[in-house]
Amino acid sequence: MDDSSTIEENKVNSEFEDVLEAFNEMHEDVQRLVVSNNKLRSDLKLHITKLASTESELDKLRQENEKLVSSYKASGCVSASTSLNMNDYKYLQNEFEKLKKDH
């Protein structure tokens, strides 16, 4: 009877060790995922900050664009200064299109 008890105890210990090893492996995986998740969250915050900055810059460019268009329309004639405004307008329009493509 002692032999069967010892065999059963060894079997339980072996199963316990297997379960413990599996648990430890999963725990290590979870720890790696936590580190990875924290890095991704940090990257996300950085990208959100950059996006907000870019949106702010885009708003400024839109306002500048509107001023230039209004100035051009108000002038009613083509002159050297109006020409500069049209170049500015075209430049801003190109920048606006680039920003739209990037975001």
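Predicted model: local features only at pLDDT ≥ 70, side-chain atom pairs only at ≥ 80, totals over all residues.
**Salt bridges.** I counted first, and the structure holds five salt bridges. I looked up three of them.

I started with D29, which pairs with R32; their closest N and O atoms are 2.2 Å apart. Both sit in helix α1, three residues apart, so about one helical turn separates them. D29 is partly exposed at 36% relative accessibility, while R32 comes out as exposed at 51%.

Next I checked K39 and D43, whose side chains meet in a salt bridge at 3.2 Å, N to O. Here the spacing in helix α1 is four residues, again about one helical turn. K39 is exposed at 52% relative accessibility, and D43 is partly exposed at 27%.

Then I moved to helix α2, residues 80–102, where E97 and K100 lie three residues apart, about one turn. Their salt bridge has its closest N and O atoms 3.6 Å apart. I got partly exposed for both: 43% for K100 and 31% for E97.

**Negative patch.** Which residues gather in a patch of negative charge on the surface? I found E8, E15, E17, D18, E21, E25 and E28. D18 has a relative accessible area of 49%, so I log it as partly exposed, because the exposed class starts over 50%.

**N65.** Is N65 buried or exposed? My entry says buried, at 15% relative accessibility, which is under the 20% cut-off. N65 is also in helix α1. Leaving out residues up to four places away in sequence, I see N65 touching Y89, L92 and Q93.

How values were computed: Residues numbered from 1 in each chain as written. Heavy atoms only, no water. Patch = residues over 30% accessible without salt bridge, like charges linked within 9 Å, V, L, I, M, F, W, Y side chains within 5 Å. Areas by Shrake-Rupley, 256 points an atom, 1.4 Å probe, with all protein chains shown as cover. Salt bridge = Lys/Arg side-chain N within 4 Å of Asp/Glu carboxyl O. Lys, Arg positive; Asp, Glu negative; His and termini not counted. Charge placed at Lys NZ, Arg CZ, Asp CG, Glu CD. Buried < 20%, exposed > 50% of the residue type's maximum accessible area, 1.4 Å probe, protein only. Helix = DSSP H or I, 4+ residues; strand = E, 2+ residues; numbered from the N terminus. Contact = heavy atoms within 4.5 Å.
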